[in-house]
Amino acid sequence: MLKIENASKVFAKGTPNAHTALNKINLTLAKGDFVTILGSNGAGKSTLFNAVCGNFILDEGRIILDGRDMTFMSEHRRARSIGRLFQDPMKGTAPNLTIEENLALSYSRGHHKYFGPAVGKKERQLFRERLASFDMGLEDRMQTKMGLLSGGQRQVVTLLMSTIVLPKLLLLDEHTAALDPATAEKVMNITEKIVRDNNLTTLMITHNMSSAMITGNRTIMLDSGEIILDISKEEREKMTVDDLLKKYSEKKQKQFDNDRMLLG
Ligand SMILES: Nc1ncnc2c1ncn2[C@@H]1O[C@H](COP(=O)(O)OP(=O)(O)OP(=O)(O)O)[C@@H](O)[C@H]1O
Ligand SMILES: [Mg+2]
């Protein structure tokens with residue numbers, strides 16, 4: 001479904017500040033794969049997502065999604081087939097529009113005809129059912145403005161906005177990092193349900209090592225723009241977080257820089 005071939009990117013190329021953010025990344029995901037991504041600050045995790053979304057053009061390499069070469073496609077066109085969530089729950093939503101208006105915007109965009117935030121009877125029923133399935137009471141708050149919701153509620157609505165028309169690829173960039181632990185767990189459970197129910201191909205960046213090791217079906221670790229570990233589900237099941245850190249140290253001949261990582 002997703003094939004990243006030999007992807008490389010140097011920022012500020014040819015200057016003293018030149019920085020290799022992606023260094024010959026190769027990554028292939030089959031349909032329905034759910035891969036978690038670990039790596040310390042500045043490892044290149046968000047940059048990898050930016051490359052996939054077309055935020056910049058690669059210096060080298062190719063990105064193929066569902067058989068289509070997207071390497072030189074505009075960000076706008078790629079957005080039609082990619083859903084993306086960020087750490088900041090306000091990103092990607094209109095705070096002054098209601099939940100149902102936000103959902104209607106995402107829904108109409110996906111159907112290639114713009115009927116704006118107006119909400120028809122059929123759509124309202126669909127949104128209500130989908131929201132109710134998350135068991136957060138959001139189906140009774142569809143006329144509430146997005147800006148008034150808690151961070152966790154907003155992330156759940158944003159998840160639904162990103163998947164109400166199914167994307168070919170879902171990218172989650174630390175989307176639970178700004179939430180308290182109980183809310184983060186709830187949003188993770190809903191994420192897993194949405195991914196499973198729709199067999200979505202998903203990449204999820206997280207700084208929570210133990211969560212990364214039990215979520216989805218594979219874990220990769222980025223370091224200085226390279227994929228240095230790629231661990232299958234079977235391999236992962238036999239590993240602890242300590243084993244993972246040991247593997248890192250063996251590979252890099254140094255300790256893992258765990259300033260922001262949750263090891264527990
Ligand atoms: N547009 C850009 N121009 C110049 N440098 C950039 C740009 N985008 C990213 N970088 C640099 O590339 C490196 C990787 O950044 P990136 O945001 O991908 O890290 P990350 O792995 O997501 O880290 P974090 O865990 O802190 O979010 C960093 O050194 C960053 O400063
Ligand atoms: Mg990042």
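How does the radius of gyration of the protein, with 264 residues, stand against that of a compact globule? A compact globule would come to near 18 Å, and the protein has 19 Å, which agrees. The radius is taken over C-alpha atoms, and the globule rule is 2.2 Å times the number of residues to the power 0.38.

This is a predicted model: local features need pLDDT of at least 70, side-chain atom pairs count only at pLDDT 80 or more, and totals for chains, interfaces and linings use all residues. Residues are numbered from 1 along each chain as its sequence is written, while chains are lettered from A and ligands numbered from 1 in the order in which they are written.

**Stop 1: the whole chain**

Show everything as a cartoon. The C-alpha atoms fill a box of roughly 60 × 40 × 35 Å along the principal axes. There are nine helices and 10 strands. Helices (H or I, at least four residues) and strands (E, at least two) are DSSP runs, numbered from the N terminus. Of the 264 residues, 38% count as buried. Buried means that 20 or more other C-beta atoms lie within 10 Å of the residue's own; exposed means 12 or fewer, and partly exposed is in between, with C-beta atoms placed from the backbone.

**Stop 2**

Select β2, β1, β4 and β5. These four strands form an open antiparallel sheet, in the order β2-β1-β4-β5. Two strands pair if DSSP finds at least two bridges between them. β2 and β5 (68-69) each have a single partner strand, so one side of each is left without a neighbour in the sheet. Now zoom in on β1 (residues 2-11) and β4 (residues 60-65), which are joined by five antiparallel bridges. Pick S8: its bridge partner in β4 is E60.

**Stop 3: ligand 1**

α1 gives the most, with three residues. The shell includes F11, H19, A21, K45, S46 and T47. A residue is near a molecule or strand if its C-beta atom, placed from the backbone, lies within 6 Å of it. By type, the shell has three nonpolar residues, seven polar and one charged. Ala, Val, Leu, Ile, Met, Phe, Trp, Tyr, Cys and Pro count as nonpolar, Asp, Glu, Lys and Arg as charged, and the others, Gly among them, as polar.

**Stop 4: a covered strand**

Go to β7 (residues 169-173). Five of its five residues are buried. β6 (residues 82-85) pairs with β7 in the parallel sense over four bridges, and R84 stands opposite L171. β8 (residues 202-205) also runs parallel to β7, with four bridges. There, L172 has M204 as its bridge partner.

**Stop 5: two domains**

Colour domain 1 (28-56 + 66-81 + 169-264) and domain 2 (96-166). These bounds come from an automatic or database domain assignment. The centres, taken over C-alpha atoms, are 26 Å apart. The contact takes 12 residues from domain 1 and nine from domain 2. Two residues are in contact if their C-beta atoms, placed from the backbone, lie within 7 Å. Finish on helix α6 (residues 181-198), which gives the most to the domain 1 side, with seven residues. That side divides into seven nonpolar, four polar and one charged.
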